[in-house]
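Trainee: Could you show me how to read a structure, feature by feature?

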Amino acid sequence: MRLRGTAGRARAVTAAVLAACVVALSGAPALGSAAVPAAGAASLPAPAAPSTDDLPVSVAITAVAPQVLEPGEDLTVTATLRNDGDEVVEQPRASVRIYRYRMSTREQVSAWADAGDSSPIGDVAATTALEAPLEPGATTTVQVTVPAADIGLLRTEDAWGPRGLTLDVGDGRSRVGLDRSYLLWDSADELPSAHVGVLSAVVGPATDPSVDDATDDSGDDAAGDTAGAAPSPSPSASADDATEQGDDAAGTDDRLTALTAAGGRLSKLLQATADHPFVSWAVDPALVDGAAAGTRADQAWLTALTGAAEEREVLRLPWADPDLAAVAHAGAADGTADLLALARGVASTSGADLWADADPVLWAADDVPDQVTAARAAQSDPGTPLVVGPDAMPARGSEAPSSPTTVDTAGGSVTALVPDPTLSDLLSDPATSQPGVTPATAAQRVLAETAVLARSDDARSTYVLATTPRDWQPSTAITQAQLAALGSAPWVETATVAEMLTAHAAGRADGDDAERAALPESQRTDTELTPAWVNALAAQWRSAGEFAAVVPDPAALLRGLDADLVAPLAVAWRDDPDGRAAAINDAIAESQQRQSGLDVLLNEQFTVISSSAQISVAVSNELDQPARVRVELRPQKACLDTARSPVTEVAPNADTTVTMTLRASANCDVTVDVSLVSETGRQLATPQQFSARVAPTIESVGGIVVGVLLALVLAFGIWRTVRRGQTSRRGARVVRDATPPPGGAAPAPAPAPAPEHTPADRSADAPPDRQDQP
């Protein structure tokens with residue numbers, strides 16, 4: 001008999017040493033077990049190990065009851081046997097074997113699942129003989145019960161934990177089939193707990209902005225009457241179920257219906273996780289709005305999703321689940337808009353109950369993002385966690401470091417949620433992690449993994465997260481069995497993402513202090529959207545915002561455009577580059593259409609024959625809001641001055657005439673560009689042109705001629721006046737003095753004024769110079 005060693009030494013035993021010990025001591029009671037031989041071990045010889053793993057009988061353990069065995073309970077193992085060989089199994093028997101060494105490391109748990117048929121398989125605890133031979137191709141079910149007295153495990157507080165369990169099928173002395181699983185022994189009154197959480201991405205097909213236009217054109221009401229409703233995923237010709245009934249929504253996505261219908265990916269995800277509220281969901285709002293506006297199958301799925309979301313943590317992904325790496329690698333060229341912030345700001349028009357308490361989350365498109373992507377996540381919104389892949393930042397020197405960890409980047413610090421690779425693989429692809437897996441063996445494997453985690457020294461401060469990928473195709477039965485085992489395990493305390501982040505912020509999650517590998521500096525994936533297209537989409541949003549500034553309610557004019565421009569960034573487009581190119585073109589076309597509706601109308605040719613003249617320009621507004629605009633004239637030659645009109649408000653769906661003044665400085669033929677701009681000078685319409693013939697000298701020559709004529713008339717008048725002299729009415733009158741009397745007598749008094757002369761007498765009074773000479 002081997003003596004029982006310390007628990008610390010047991011945890012240090014590697015899988016290779018463990019296997020060697022079992023080979024050397026096969027049939028002996030295991031470390032930590034009671035010295036009780038397995039029932040039937042003495043009566044049955046040990047089967048010879050085959051030279052190959054290709055055994056003729058396939059064995060699938062379908063039930064282990066109870067899943068967690070306590071002292072005093074019997075163990076019952078049920079399995080399905082199928083003879084895949086060409087020979088009859090004459091004397092089939094099934095034996096339950098218990099490997100009584102407690103597994104103290106996760107490597108040991110994994111090594112047991114991966115071990116071949118020739119590896120140690122434990123001691124026989126009970127055997128049942130089948131009643132009839134097993135013919136080639138035949139299938140049968142066998143059930144073997146191990147009495148509590150034959151379990152042979154210690155009942156001490158420290159003896160609890162996982163052991164190896166096998167169902168061995170033999171024919172006489174030959175082994176013909178084998179399947180492995182785990183026995184979970186609970187001999188302790190009080191068990192430590194491992195904090196375990198599960199997070200699933202709930203995303204649909206790539207969102208295409210063109211479907212929203214198709215729905216509007218069809219007049220369908222299924223998408224709702226709310227103006228600016230978010231776009232739905234695009235239709236796909238490859239879907240088998242285009243619409244279910246004639247009253248289903250027009251323009252919906254057949255791919256979405258295929259995913260939400262029975263057997264579809266989203267339907268299976270809901271079936272697998274709906275009954276387990278500790279599973280958190282990271283939901284794409286575009287999927288919710290698409291399902292709300294979709295077919296009856298889509299709407300029924302959304303109703304079920306909303307109902308199952310009660311009492312569950314729901315996290316909100318940015319609209320359309322954009323490719324964070326593509327946005328990060330595009331940088332901020334030309335000061336374009338932040339598309340990630342734009343995606344996070346798009347409001348869902350459906351599923352209000354889902355978003356009531358939903359916190360934001362970012363999910364990297366690549367399993368291992370680079371430093372540039374992590375820095376972009378840090379800049380996006382401090383406090384928003386970033387979910388990375390299970391292979392990112394592996395820990396060194398720790399089997400189960402805490403999932404939340406702080407990553408320092410050039411853009412600041414970001415909290416990364418690093419999934420546990422083993423648990424994530426077991427949930428995402430159990431068949432690969434454990435060949436021949438069944439719901440029963442999958443559940444036992446999960447229990448074994450978490451039991452080892454709970455036995456670790458830092459279990460209380462470690463928060464382990466398992467995630468499933470975006471394209472997860474769950475096996476409903478297996479996933480339900482795994483989640484049910486997690487929810488019922490006495491050593492598992494389920495935790496939400498919010499609880500993990502809170503513990504991390506408070507410093508209670510000390511497991512993240514383990515040294516982790518750094519993220520790569522910079523790397524791009526071939527399927528990632530190029531920076532040129534990312535910046536083109538961002539530039540369209542900036543341009544549309546500048547255009548919308550001319551109306552009183554810019555938000556109404558731009559409603560829904562943000563979702564259209566973000567849609568081509570969806571991670572799902574990585575698998576369909578041609579479809580993504582079409583989505584980009586549709587989004588840009590929609591943006592340009594939103595920037596139309598204003599125009600100028602004018603004659604193609606004008607003639608200006610003076611230094612200044614007025615011109616009338618008609619401004620047309622086809623928008624449903626008034627627009628404040630101005631008209632600018634830009635002559636292509638300096639003979640005509642640039643002109644700009646004052647800001648003019650044009651009524652909705654109306655035309656307004658704007659009068660402007662042209663000023664010419666020289667004769668020329670000039671082309672004039674007419675632009676319609678905003679108050680800030682932003683171009684609002686395609687510039688128009690007209691030709692002007694400018695001849696300001698015609699006006700100058702006419703002024704000179706008139707001036708000369710006036711000067712000649714004035715000179716003639718002066719000359720004529722001088723030539724004619726003075727008359728009794730023009731100039732002073734001259735009166736001849738009287739002759740004084742002789743002797744100096746006083747002069748005679750002045751005669752009385754003469755009476756008025758008649759025209760006949762006027763010659764007598766004429767001045768001397770005008771009298772006739774003798």
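This is a predicted model: local features need pLDDT of at least 70, side-chain atom pairs count only at pLDDT 80 or more; totals for chains, interfaces and linings use all residues.

Trainee: Let's begin with strands. How do strands of a sheet pair?

Mentor: Strands of a sheet pair through backbone hydrogen bonds, and the pairing is either parallel or antiparallel. For a case here, look at strand β9, residues 194-202.

Trainee: In which sense do β9 and β10 pair, parallel or antiparallel?

Mentor: β9 and β10 (residues 279-283) pair in the parallel sense, over five bridges. You can check one spot by eye: Ala 201 stands opposite Ala 282 in β10. β9 also pairs in the parallel sense with β18 (residues 463-468), over six bridges. There, Ser 200 has Thr 468 of β18 as its bridge partner. With β19 (residues 492-494), β9 again pairs in the parallel sense, over three bridges. Thr 494 in β19 is the bridge partner of Val 196.

Trainee: And the side chains of a regular strand, where do they go?

Mentor: In a regular strand they alternate between the two faces of the sheet. In β9, Ala 194, Val 196, Val 198, Ser 200 and Val 202 point one way, while His 195, Gly 197, Leu 199 and Ala 201 point the other way.

Trainee: Which of the nine residues of β9 are buried?

Mentor: Nine of its nine residues are buried, and the strand is mostly covered.

Trainee: Where can I find antiparallel pairing?

Mentor: Go to the open sheet of three strands with the order β21-β23-β27, where the pairing is antiparallel. Its edge strands are β21 (598-601) and β27 (654-663), each of which pairs on one side only. From one strand to the next, the twist averages 30°. Between β23 (residues 612-621) and β27 there are 10 bridges. To locate that pairing, find Ser 612, which stands opposite Arg 663 in β27.

Trainee: Now helices. What describes two packed helices?

Mentor: Two values do: the angle between their axes and the distance between the axes. Take α13 (residues 421-428) and α15 (residues 439-455), which pack at an angle of about 165° with their axes 11 Å apart. That angle makes α13 roughly antiparallel to α15. The crossing of α13 past α15 is left-handed.

Trainee: Which residues make the contact between α13 and α15?

Mentor: From α13 come Thr 422, Leu 423 and Leu 426, and from α15 come Arg 445, Val 446, Glu 449 and Leu 453. Sorted by kind, the residues of this contact are four nonpolar, one polar and two charged.

Trainee: How many residues of helix α6 are buried?

Mentor: Seven of the nine residues of α6 (residues 265-273) are buried, so this helix is largely enclosed by the rest of the structure. The buried residues are Arg 265, Leu 266, Ser 267, Leu 269, Leu 270, Ala 272 and Thr 273.

Trainee: What do the buried residues of α6 pack against?

Mentor: They pack against several elements, among them the strands β9 and β10 and the helices α5 (254-260), α7 (285-292) and α16 (476-488).

Notes:
Residues are numbered from 1 along each chain as its sequence is written. Side-chain values use heavy atoms; hydrogens and water are left out. Axes are lines fitted to C-alpha atoms, for helices over the stretch in contact, and angles run from 0 to 180 degrees between N-to-C directions. Helices (H or I, at least four residues) and strands (E, at least two) are DSSP runs, numbered from the N terminus. Angles under 35 degrees count as roughly parallel, over 145 as roughly antiparallel, 65 to 115 as roughly perpendicular and the rest as oblique. A crossing is left-handed if the near helix is turned anticlockwise from the far one by less than a right angle, and right-handed if clockwise. Contact means heavy atoms within 4.5 Å. Ala, Val, Leu, Ile, Met, Phe, Trp, Tyr, Cys and Pro count as nonpolar, Asp, Glu, Lys and Arg as charged, and the others, Gly among them, as polar. Two strands pair if DSSP finds at least two bridges between them. Buried means under 20% relative accessible area, exposed over 50%, partly exposed in between (1.4 Å probe, protein chains only).
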